Amino acid sequence: MFSPADREHMAEALRLAEKGLFTTTPNPRVGCVIVRDGEVVGTGWHEKTGGPHAEVLALRAAGERARGATAYVSLEPCSHHGHTPPCVDALIEAGISRVISAMQDPNTRVAGSGFDRLRAAGIQVESGLMQAEASALNCGFVSRMSRGRPWVRMKIAASLDGRTALANGRSQWITGPEARRDGHAWRARACAVLTGIGTVKHDDPQLNVREVETTRQPLKVLVDSKLQLQPSAKLLQSGKVLVATATANRSTITALEDQGAEVVVLPNAEGKVDLMDLMRELARREINEVHVEAGIKLNGALLRENLVDELLLYLAPSILGDTARGMFSLPELADLALKRLVQFDDVQAIGRDIRILSRVIN
């Protein structure tokens with residue numbers, strides 16, 4: 001169905017889409033390559049919400065050479081009016097004869113209608129080329145559109161024996177500077193960075209992106225059931241902060257709001273923050289990817305509620321022993337059959353540490 005040349009051009013479209021890794025949210029990352037008679041005549045990628053889409057930029061670059069050409073797009077062209085006009089109209093007007101897309105748009109406002117309109121205009125349409133790669137690039141957007149919640153990636157820095165902090169809570173620094181810089185790159189691609197009040201008490205983190213260049217800082221999200229956050233906390237000193245709590249203490253909420261934070265009250269039956277409701281609230285705010293940097297309790301709670309999609313684990317060449325803190329607070333298992341499984345997707349050395357990227361599959 002697809003030729004080696006088709007695959008080569010789609011791979012280029014995906015490389016272009018990846019240029020928007022830090023900037024396109026809440027929109028998907030999309031790249032487009034226009035080819036006529038075997039020659040690339042135009043390329044484009046979506047940079048940010050409100051700006052031109054990848055197809056429009058590629059068509060501008062191609063000009064009249066787009067007539068009779070093939071457009072390789074990493075996501076189904078949009079067919080609705082949003083911040084910009086529909087891309088299908090631009091493709092039709094430019095005289096494109098064939099469109100190859102990596103995947104269908106999971107947005108129900110599009111979801112095949114873009115393909116239908118292109119076919120109705122006599123354009124040959126094919127989809128599914130490098131679909132897995134395209135879906136992985138937009139895992140958060142796909143999750144929000146199909147599941148109504150963001151993609152949750154949990155970052156953990158640990159010793160070789162799986163320990164994240166000493167018994168007294170000290171954890172700076174288990175991993176090396178290269179791993180920390182790499183972790184900031186993953187922060188930068190996320191729409192929100194989430195932590196718990198325990199981490200704020202022990203480490204007083206800023207929770208912003210500092211080690212890599214970015215034009216956008218992610219939303220800071222704090223899970224604080226009892227509203228213990230102090231107005232002097234570093235995370236309140238810059239950027240937007242959302243505090244999720246189970247306590248409707250008006251005076252404390254007002255004090256935090258005076259510091260620029262926003263507070264949402266989302267209690268569950270146990271008097272803690274309802275984590276699923278929090279994820280739905282983040283999706284409502286168009287948050288695609290959530291980057292978790294929390295402690296053993298919140299890590300365990302998110303895993304128990306099946307809200308963790310991916311683990312970003314940095315293992316340092318050190319051993320801290322059994323008295324040090326682990327990764328997850330979880331109930332004891334009575335049978336190995338109840339163990340949680342992950343799928344290793346990528347393993348590589350980052351400085352002196354090892355980075356393991358894995359998906360939680362059960």
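Two strands are taken to pair if DSSP finds at least two bridges between them. Helices (H or I, at least four residues) and strands (E, at least two) are DSSP runs, numbered from the N terminus. The model is predicted: local features need pLDDT of at least 70, side-chain atom pairs count only at pLDDT 80 or more, and totals for chains, interfaces and linings use all residues. Residues are numbered from 1 along each chain as its sequence is written, and side-chain values use heavy atoms, with hydrogens and water left out.

**Figure 1. The nine-stranded sheet.** Nine strands form an open sheet with mixed pairing, in the order S10-S9-S8-S7-S11-S6-S12-S14-S13. Its edge strands, S10 (262-265) and S13 (342-350), each pair on one side only. Neighbouring strands are turned against each other by 20° on average, direction ignored; axes are lines fitted to C-alpha atoms, for helices over the stretch in contact, and angles run from 0 to 180 degrees between N-to-C directions.

**Figure 2. Strands S7 and S8 with helix H10.** S7 (residues 192-196) and S8 (residues 219-223) run parallel and are joined by five bridges. Val193 stands opposite Lys220 in S8. Helix H10 (residues 275-284) lies across S6 (151-159), S7, S8, S9 (241-245), S10 and S11 (289-292), and runs at about 165° to S8. Contact here means heavy atoms within 4.5 Å.

**Figure 3. The five-stranded sheet.** A further open sheet, also of mixed pairing, has the strand order S2-S1-S3-S4-S5. S2 (39-45) and S5 (124-127) are the edge strands, each pairing on one side only. From one strand to the next the twist averages 15°. Four bridges connect S3 (residues 70-73) with S4 (residues 98-101), and these two strands run parallel. The bridge partner of Thr70 in S4 is Arg98. Helix H4 packs on this sheet, where it touches S4 and S5, and its direction makes about 150° with that of S5.

**Figure 4. The S1-S2 hairpin.** S1 (residues 31-36) and S2 run antiparallel and are joined by six bridges. Val35 has Val40 in S2 as its bridge partner. Two residues lie between the strands of this hairpin, and Asp37 in the turn has a positive phi of about 55°.

**Figure 5. Packing of helices H2 and H3.** The axes of H2 (residues 54-62) and H3 come within 9 Å and cross at roughly 20°. The two helices are therefore roughly parallel to each other; angles under 35 degrees count as roughly parallel, over 145 as roughly antiparallel, 65 to 115 as roughly perpendicular and the rest as oblique. Glu55, Val56 and Leu59 in H2 meet Cys87, Ala90, Leu91 and Ala94 in H3. By class, this contact has six nonpolar, no polar and one charged residues. Ala, Val, Leu, Ile, Met, Phe, Trp, Tyr, Cys and Pro count as nonpolar, Asp, Glu, Lys and Arg as charged, and the others, Gly among them, as polar.

**Figure 6. Packing of helices H3 and H4.** Between H3 (residues 87-94) and H4 (residues 113-120) the axes come within 10 Å and cross at roughly 20°. This angle makes H3 roughly parallel to H4. H3 passes H4 in a right-handed crossing. From H3, Val88, Asp89, Leu91 and Ile92 meet Gly114, Arg117 and Leu118 of H4. The residues in this contact comprise four nonpolar, one polar and two charged.

Conventions
A crossing is left-handed if the near helix is turned anticlockwise from the far one by less than a right angle, and right-handed if clockwise.
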